[in-house]
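Me: I'm new to reading protein models, and I'd like a close look at a single part of this one. Could you walk me through the sheet and then the helix packing that goes with the picture?

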Amino acid sequence: MKYKALLFGSIGTIIETSEIQRRSFNNAFKESGLEWYWDEKDYRNLLQKSGGIKRIEEFAQKNNTTVDALKIKSFKTELFNRYLVTESFKPREGVEDVISYAKEKGLKLGFVTSTITDNIDAVFVALRDFFHKDNFDFIGNNNLINKPKPNSEIYFKALDFLSLDASECIAIEDTEESAKSALNANIKCVGFPGNFHQQDSFSQCEMKLNKLDISIFN
């Protein structure tokens, strides 16, 4: 085994959230009195850039509207987390298998996300029948960094915490934009696109998969 750690990146690497994210945005707009609606095509285009607040601000600017983007994003996050903990979810295909394999081989597990802790907690509640926080040796969050993805800061934090070199880790990311954060830290990365990122090429990654399997460790 040439790796010593398996690093899951964004939330979308362990649970499919594309549609629930879009629904949460649209309901937040509605509750905020905005006649905005992001259809699937709109949302796919908006996802080319990271950051929900930035998406809201740019969309408002294009529509000559002034909004409190932070307030809307906070409401969207509240709705998203509510859906996660009240609806039924499973891990993405192959996630359980590679986690079990990694633990069997003695690899460390990292969840190298730069989202807020409320989102992270909601994900683990949603997937509580499959695995738990305690399965992970490192879990990131936005409070650990100054620069969010695609900046590599959160990956450097993970490497430091786990006392590992970049060459000893393999990362998994669900968008090409987020994959840059691993690649720019010199960590090999597997592209595992979510439903709304199937068009991403992940050309600089080791491979692009729709189902995780132990081939990622070879």
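Predicted model: local features only at pLDDT ≥ 70, side-chain atom pairs only at ≥ 80, totals over all residues.

Strand 2 and strand 3 run parallel and are joined by two bridges.

Now go back to strand 1 and look at its pairing with strand 4. Strand 1 covers residues 5–8 and strand 4 covers residues 169–173, and they pair in the parallel sense over four bridges. Here you can pick out L6, whose bridge partner in strand 4 is I170.

Six strands form an open sheet, and their order is 3-2-1-4-5-6, with parallel pairing. The edge strands are strand 3 (138–139) and strand 6 (207–208), and each of them pairs on one side only. As a general point, strands of a sheet pair through backbone hydrogen bonds, either parallel or antiparallel.

Take its meeting with helix 6 to start. The axes of helix 4 (residues 69–86) and helix 6 (residues 117–126) come within 8 Å and cross at roughly 15 degrees. The two helices are therefore roughly parallel to each other, and helix 4 passes helix 6 in a left-handed crossing. On the helix 4 side the contact is made by T77, F80, N81, L84 and V85, and on the helix 6 side by D118, N119, A122, V123, V125 and A126. Sorted by class, this contact has seven nonpolar, three polar and one charged residues.

Then turn to helix 1. Helix 1 and helix 4 pack at an angle of about 130 degrees, and their axes are 8 Å apart. That angle makes helix 1 oblique to helix 4, and the crossing is right-handed. Helix 1 brings I20, Q21, R23, S24, F25, N27, A28, F29 and E31 to the contact, while helix 4 brings I72, K73, F75, K76, L79, F80, Y83 and L84. By class, the contact of helix 1 with helix 4 has ten nonpolar, three polar and four charged residues.

While you are at helix 1, look for a salt bridge too. E19 forms one with R22, and their closest N and O atoms are 2.8 Å apart. E19 and R22 are three residues apart in helix 1 (residues 18–31), so about one helical turn separates them. The structure holds eight salt bridges.

Finally, visit helix 3. Helix 3 (residues 52–62) packs with helix 4 at an angle of about 130 degrees, with the axes 9 Å apart. Helix 3 is therefore oblique to helix 4, and their crossing is right-handed. The contact is made by G52, I53, I56 and E57 of helix 3 together with A69, L70, I72 and K73 of helix 4. By class, five nonpolar, one polar and two charged residues make up the contact of helix 3 with helix 4.

Key. Residues numbered from 1 in each chain as written. Heavy atoms only, no water. Axes fitted to C-alpha atoms, helices over the stretch in contact; angles between N-to-C directions. Parallel < 35°, antiparallel > 145°, perpendicular 65-115°, else oblique. Left-handed = near helix turned anticlockwise from the far one by under 90°. Contact = heavy atoms within 4.5 Å. Nonpolar A, V, L, I, M, F, W, Y, C, P; charged D, E, K, R; others polar. Pairing = 2+ DSSP bridges. Salt bridge = Lys/Arg side-chain N within 4 Å of Asp/Glu carboxyl O.
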